[in-house]
Amino acid sequence: MTSKIKTNFTLIPNQKYRRSNRRFSCLSKAFDSDSQPISTLGKFKDLPLEIFEIILKYLTVEDMSMLSMVSKTISQRIIHYISSSSGNQRLLLQDFHKLELSDETQDFAILEHYRSLGLLFKRCTLLLPTRERLKYIQRTFAEVSCFKLSGCAVPLQCVGLPCYGIFLQALTAGWDELECQHVYHFLCKLTSLSRKMETVVGSKPGSSWKLELRIRLFCRHVLLDHWIYRSDSAFWLSQILKPWPIVNQARLLYIIFGPVCPQDGQVMWQKMVEDSVDEYSLKDLAEAIKLLYDLDSKDWTADNVISLIDELSAVPQEWLFENNAHLLILSGNKICFTFMASKAANGRAIELARLLVFLALVCEKELYCMDWAVKMMRKVCRVFSTPMERNNFLQSVPSAFACIIMETMQSLMSGEGDEEDESFLNLFYLVHAQANFHKEVLYLTMTTFST
């Protein structure tokens, strides 16, 4: 840059002038450089890409994630590093089957690594359209077989799908519903999830048990288990169930949340039909029902959820009444009352009375408060439109107790071996349930009378 200086004084000797001119030239160049747009690479602009990637090797995933927000150019260079063989090998950890992973600390470490990696991908691909972001992730993870629905040979001993799920959770956190729907449809297309679901819901329960297990693990580990907020889990569960008719929704719900054999992961289809089950076998199904009931969506009204429970209790055949009652208790007061009120409104008093007996039986077995069952009966009584209907229901309750006790005694008299022991224990609980239930009714009656 040339600068003209006007002076009205005598020039000093040439040598000194030249020295002063050099100083002014340096200052001018510095000023000019400051006035130019600053490179988006900053001090990295003079580094070859190879040197930049060597520097990235010394950064943690969290540090790279922060660095990617500096500029678009930096972000593109980090993407190039991730896509390189060295970056791929370093960042895509695949220690999914090591015995040490049984240690919770090691398990937590690899999950946290993929959470950080999800945040890194989220920031690096921030300016890309959703479909392009997903295609880039697909290309990056194409060789990780344990991230595929049927890619791992030992899925029960693998933490690949949980890592993939926690990666997607970090990537999509904060995305709107339309973008998340794109993610779900992309995953369905990538894994042929819808076609495989169609196969299992259209075949005899248990005939494709390995495919049922794969679907269960993918849906749980990738789509459902890692969300902090219940509304997010409910959204993804709704995406899974929404395309199917209610019969298939019930089947899928049982495949994903029903009890399984701990040794091989096989869905235990006959467990609800043949045996009374404990809380552990039902709690996941109950939580799934609560998610759908609490979802603020026109696709899942209270009537839809009640119809789904009715359908679920017939998968694969009619459940034991006790298991149905236990599921209602675990599903919470609102769902239980809505279900019973629906029966009352439809005039199904005898069925409702039998259900109440089994609610009392579950309370007795699981040490729940018996006064809860009595209060639920009292609340349901208000649903009946006429006093006659209400009285018919109340008279049906002791009759239902007597009938079920007699059925259990007949089973006890005709049973052998272990069945005899089980029937005797069930009879013991039934008699105690009847006594404690009527005791709570008397307490409630006397309390109301005295006030």
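This note goes through the pockets, cavities and aromatic contacts of the structure above.

1. Basis. The model is predicted, with local features requiring pLDDT of at least 70 and side-chain atom pairs counted only at pLDDT 80 or more, while totals for chains, interfaces and linings use all residues. Residues are numbered from 1 along each chain as its sequence is written, and side-chain values use heavy atoms, with hydrogens and water left out.

2. Largest pocket. A pocket here is an open set of points, on a 1 Å grid over the protein atoms alone, with protein on both sides within 12 Å along at least five of seven lines, and its lining residues have an atom within 4 Å of a point. The largest pocket holds about 550 Å³ of space, where a volume is the space filled by probe spheres set on the points, and grid points are joined across faces, edges and corners. Its lining consists of 20 residues, and those nearest the centre are Ser276, Leu320, Glu322, Glu422 and Asn426. Two or more lining residues come from each of α17 (321–331), α19 (349–366), α21 (387–414) and α22 (417–450), with helices taken as DSSP runs (H or I, at least four residues) numbered from the N terminus. The largest share, seven residues, belongs to α22.

3. The largest pocket is lined by seven nonpolar, five polar and eight charged residues, where Ala, Val, Leu, Ile, Met, Phe, Trp, Tyr, Cys and Pro count as nonpolar, Asp, Glu, Lys and Arg as charged, and the others, Gly among them, as polar.

4. Second largest pocket. This pocket has a volume of about 460 Å³, and of its 20 lining residues Arg216, Gly258, Val260, Tyr280 and Asp284 are the closest to its centre. Both α11 (209–224) and α15 (279–294) supply at least two residues of the lining, and α11 gives the largest share, five residues. By class, the lining of the second largest pocket has ten nonpolar, four polar and six charged residues.

5. Cavities. A cavity is a set of grid points where a 1.4 Å probe fits but cannot get out, and there are two cavities of 30 Å³ or more. The largest cavity contains about 60 Å³ of space; its lining includes Cys146, Cys152, Cys158, Arg214 and His221, and α8 (160–172) and α11 each supply at least two of the lining residues. That lining divides into seven nonpolar, one polar and two charged residues.

6. Second largest cavity. About 40 Å³ is the volume of this cavity, which is lined by residues including Leu168, Thr172, Trp227 and Trp236. At least two lining residues come from each of α8, α9 (177–191) and α11, and the lining has seven nonpolar, one polar and no charged residues.

7. Aromatic pairs. The whole structure contains 18 aromatic pairs, a pair being rings of Phe, Tyr and Trp (its six-membered ring) with centres within 6.5 Å, counted as stacked with planes under 30 degrees apart, edge-to-face over 60 and tilted for the rest. The ring centres of Phe235 and Trp236 are 5.4 Å apart and their planes lie at 85°, so this pair is edge-to-face. Both Phe235 and Trp236 are buried (under 20% relative accessible area, 1.4 Å probe, protein chains only). One aromatic cluster has among its members Phe96, Tyr114, Phe121 and Tyr136.

8. Charges over rings. A charge sits over a ring if NZ of Lys or CZ of Arg is within 6 Å of the ring centre and within 35 degrees of the ring normal. Arg77 lies over the face of Phe52 at 5.5 Å from the ring centre, and Lys379 lies over the face of Phe337 at 4.5 Å from the ring centre.

How values were computed:
Buried means under 20% relative accessible area, exposed over 50%, partly exposed in between (1.4 Å probe, protein chains only).
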